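User: I am new to reading protein models, and I would like to go through one slowly. Could you show me how to read its features, step by step?

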Amino acid sequence: LRNNRRIVFDINQRYSNGSIICYASEALNNDVRFIIGLVQQHGSTLKYVKEEFRNDSRVVLAAIRNFSWAIENASENLQRDSNFVVKAIQLNIDTIHYVKAELKSDERIVLKAVEHIPPAFKWASESLQNDRSFILKAVQKNGLVLAYVKRDFWKDREIVAVLSYFN
């Protein structure tokens with residue numbers, strides 16, 4: 001039973017918290033295609049797979065596609081890789097909630113997020129939320145960001161002028 005793909009896959013889908021992989025055979029634990037299928041079904045499975053798979057961007061992105069919080073179970077390496085985090089956010093915008101705090105200060109990451117979903121501005125670091133030049137860039141990406149910036153910036157003519165571009 002431990003080597004039966006269908007049984008392990010079915011248990012993972014119906015009854016598991018993702019830990020079923022711990023009881024599967026070594027062959028299934030080493031099969032990247034099988035692991036990708038499991039993490040797509042249940043993002044928590046990522047917590048229980050081998051470190052090499054938690055460091056495999058294909059596996060982690062497969063989990064993030066349906067479970068934005070799965071990034072928390074990725075390897076530290078991937079969690080701190082800004083290029084990977086941008087890909088994860090592009091795949092599932094809600095991932096911005098779960099990225100490492102220091103990456104919430106990364107302009108590129110936050111701009112990518114607010115471009116698609118303006119409320120993501122609320123999860124930017126405090127320093128970015130108070131940075132006029134960053135706010136200007138964010139409003140240029142998506143004018144709706146202005147609704148989430150501090151009211152003091154609403155009086156800034158240059159920031160507000162960007163909105164006339166969208167009308």
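**Reading the model feature by feature**

Analyst: We can begin with contacts between residues that are at least 6 apart in sequence, of which 47% in this protein join residues at least 24 apart. Please keep in mind throughout that this is a predicted model.

User: Which elements, helices or strands, does the protein have, and how many?

Analyst: The protein has eleven helices and zero strands, and reading along the sequence therefore gives the pattern α-α-α-α-α-α-α-α-α-α-α, with helices defined as runs of at least four residues.

User: How should I judge the overall form, and what radius of gyration does the protein have?

Analyst: One way is to set the value beside that of a compact globule: for 167 residues such a globule would have a radius of gyration near 15 Å, whereas the protein has 20 Å.

User: What can I say about the surface and the charges of the protein?

Analyst: The protein exposes about 9,100 Å², and carbon and sulfur atoms supply 48% of that area. As for charge, there are 24 positive and 19 negative side chains, and the centres of these two sets lie 4 Å apart.

User: How many of the residues count as buried, and what does the word mean?

Analyst: A residue is called buried when its relative accessible area is under 20%, exposed when it is over 50%, and partly exposed in between. By that reading, 49% of the 167 residues of the protein count as buried.

User: Which residues of helix α3 are buried?

Analyst: In α3, the buried residues are F34, I35, I36, G37, L38, V39 and Q41. Because seven of the ten residues of this helix, which spans residues 32-41, are buried, α3 is largely enclosed by the rest of the structure. The partners of these buried residues are α1 (5-14), α2 (26-29), α4 (51-54) and α5 (57-66), against which they pack.

User: Where is V8, and which residues does V8 touch?

Analyst: V8 is found in helix α1, and with a relative accessible area of 5% V8 is buried. Once residues up to four places away in sequence are set aside, V8 touches L1, R2, I20, A24, L28, F34 and L38. Two of the names in that list, F34 and L38, are also among the buried residues of α3. For a sense of distance, V8 and V145 are 137 residues apart along the chain, and their C-alpha atoms are separated by 45 Å.

User: Is T95 buried or exposed, and where does T95 lie?

Analyst: T95 lies in the loop between α7 (82-91) and α8, and its relative accessible area of 0% makes T95 buried. Leaving out residues up to four places away in sequence, T95 touches I64, S68, I71, A88 and I89.

User: What is the accessibility of L91 and of N83 in helix α7?

Analyst: L91 has its place in helix α7 and is partly exposed, with a relative accessible area of 29%. Apart from its neighbours within four places in sequence, L91 is in contact with L61 and R65, while the C-alpha atoms of L91 and I64, which are 27 residues apart along the chain, are separated by 7.5 Å. N83 also lies in helix α7, and at 44% relative accessible area N83 is partly exposed. N83 and I109 are 26 residues apart along the chain, with their C-alpha atoms separated by 8.5 Å.

User: How is a pair of aromatic rings described, and how many such pairs does a search of the whole structure find?

Analyst: Such a pair is described by the distance of the centres and the angle of the planes. A search of the whole structure finds three aromatic pairs. One of them joins F121 and F134, whose ring centres are 6.2 Å apart and whose planes are at 15 degrees, so this pair is stacked. The pair links distant parts of the chain, since F121 is in the loop between α8 (107-116) and α9 (126-129) and F134 is in helix α10 (residues 132-141), 13 residues apart. F121 counts as buried at 0% relative accessibility, and F134 counts as buried at 0% as well.

Key
Residues are numbered from 1 along each chain as its sequence is written. This is a predicted model: local features need pLDDT of at least 70, side-chain atom pairs count only at pLDDT 80 or more; totals for chains, interfaces and linings use all residues. Side-chain values use heavy atoms; hydrogens and water are left out. Rings of Phe, Tyr and Trp (its six-membered ring) pair if their centres lie within 6.5 Å; planes under 30 degrees apart count as stacked, over 60 as edge-to-face and the rest as tilted. Buried means under 20% relative accessible area, exposed over 50%, partly exposed in between (1.4 Å probe, protein chains only). The radius of gyration is taken over C-alpha atoms; the globule rule is 2.2 Å times the number of residues to the power 0.38. Contact means heavy atoms within 4.5 Å. Accessible areas come from the Shrake-Rupley method with a 1.4 Å probe; for residues, only the protein chains shown count as cover. Lys and Arg count as positive and Asp and Glu as negative; His and the chain ends are not counted. The place of a charge is taken as NZ of Lys, CZ of Arg, CG of Asp or CD of Glu.
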